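Morning, everyone. Please bring up the model on your screens. I'll walk you through it from the whole chain down to single residues.

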Amino acid sequence: MALKSAMAVTGVILVLYLIAHMYGNLKVFSGQEAFDGYAHSLRELGYPLLPESGFLWIARVVLLASVLIHIYAAVNLWARARRARPASERYQVRKRVHRTYASYTMRWGGVLIALFVVFHILHLTTNNIAPGGKSDSPYERLVNGFQPEFWYVTLFYVASVIALGFHLRHGIWSGLATLGVNQANRQPRMNALAVGISLIVTVGFLLPPLAVTFGLVS
């Protein structure tokens, strides 16, 4: 139960971060000044109580800890379930289909998301990977990186975000059950909530790169 609770709580932290990050990304439609101004304002949050970029580093530590705990709990729960599963279940079609859905959306989707996060940081945060050219401007890094000639970058981004959407859908539903919110009389509403949040996050993250690729943002 402790592992499930840890996974649910860290999942909530990560979902809240994704919603905030998605909101910031959508500022690309307000132009370079607004987008770069937003990025710069994050470095000044909490100042002068915190040093410059202090809030960002606190957030990064919390997010990194949440990700590591989330992965640790997921791997251990998966291993525990695998050891406890009767061999006869392997031949039950219904359970096999459910297990396949869970494995692809949570386990393999999680692997793709982890790889994407590393690429995403190196691309748009640290500027180590710079398709289209390096820039000190976050807006220019985003626009440069999703130009039509770098279609493979956009394709990887789209596939990863879709995997994230499925991961969120299943994860939110499971997390609500773990936290005791997903009771029988609330299941339709909780299902709608899980689907709604996953769709909003997925579409919100897809809009900026696709808008750049198709020339709506330049």
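First, a term. Helices here are DSSP runs of H or I with at least four residues, strands are DSSP runs of E with at least two, and both are numbered from the N terminus. With that in hand, take His 120, which sits in helix α4, residues 93-125. We'll come back to His 120.

Some ground rules. This is a predicted model, where local features need pLDDT of at least 70, side-chain atom pairs count only at pLDDT 80 or more, and totals for chains, interfaces and linings use all residues. Residues are numbered from 1 along each chain as its sequence is written, and side-chain values use heavy atoms, with hydrogens and water left out.

Now the overall picture. How many helices and strands does the protein chain have? Seven helices and zero strands. Read from the N terminus, the order is α-α-α-α-α-α-α.

Next, burial. Buried means under 20% relative accessible area, exposed means over 50%, and partly exposed is in between, using a 1.4 Å probe and protein chains only. Of the 218 residues in the protein chain, 34% are buried. The chain exposes about 13,200 Å², and carbon and sulfur atoms supply 68% of that area. Those areas come from the Shrake-Rupley method with a 1.4 Å probe; for residues, only the protein chains shown count as cover.

On to contacts. Contact means heavy atoms within 4.5 Å. Take contacts between residues at least 6 apart in sequence: 67% of them join residues at least 24 apart.

What does the record say? The unreviewed UniProt entry annotates "transmembrane region" over residues 55-79, 100-122, 150-169 and 190-217. UniProt positions are in the numbering used here, feature names are shortened, and annotations may be inferred rather than shown by experiment. Look at two of those stretches in the model. Residues 150-169 are 95% helix and 0% strand, with end C-alpha atoms 29 Å apart. Residues 190-217 are 86% helix and 0% strand, and there the end C-alpha atoms are 36 Å apart.

Now helix packing. Two packed helices are described by the angle between their axes and the distance between the axes. Axes are lines fitted to C-alpha atoms, for helices over the stretch in contact, and angles run from 0 to 180 degrees between N-to-C directions.

First pair: α1, residues 2-25, and α7, residues 187-213. They pack at about 35°, with axes 9 Å apart. The crossing is left-handed. That means the near helix is turned anticlockwise from the far one by less than a right angle; clockwise would be right-handed. Which residues of α1 make the contact? Val 15, Leu 18, Ile 19, His 21, Met 22 and Asn 25. From α7 come Ile 197, Ile 200, Val 201, Gly 204, Phe 205 and Pro 208. By class, that contact has nine nonpolar residues, three polar and no charged. Nonpolar covers Ala, Val, Leu, Ile, Met, Phe, Trp, Tyr, Cys and Pro; charged covers Asp, Glu, Lys and Arg; the others, Gly among them, are polar.

On the α2 side, look for Gln 32, Phe 35, Asp 36 and Ala 39. On the α5 side, it's Pro 138, Tyr 139, Glu 140 and Leu 142. That contact has five nonpolar, one polar and two charged residues.

Now single residues. Back to His 120: it is buried, at 14% relative accessible area. Beyond neighbours within four places in sequence, His 120 contacts His 21, Thr 125 and Tyr 157.

Val 28 is in the loop between α1 and α2. Is Val 28 buried or exposed? Buried, at 1% relative accessibility. Setting aside neighbours within four places, its contacts are Phe 35, Tyr 139, Leu 142, Pro 208 and Val 217.

Leu 176 lies in helix α6, residues 151-178. Leu 176 and Met 190 are 14 residues apart in sequence and 7.6 Å apart in space, C-alpha to C-alpha.

Last, the backbone. Most residues other than glycine have a negative phi, and most peptide bonds are trans. The bond from Tyr 47 to Pro 48 is cis, with omega near 10°. Pro 48 is in the loop between α2 (32-43) and α3 (54-84). Ser 53 is in the loop between α2 and α3 too, with a positive phi of about 70°. Asn 127, in the loop between α4 and α5, has a positive phi near 70°.
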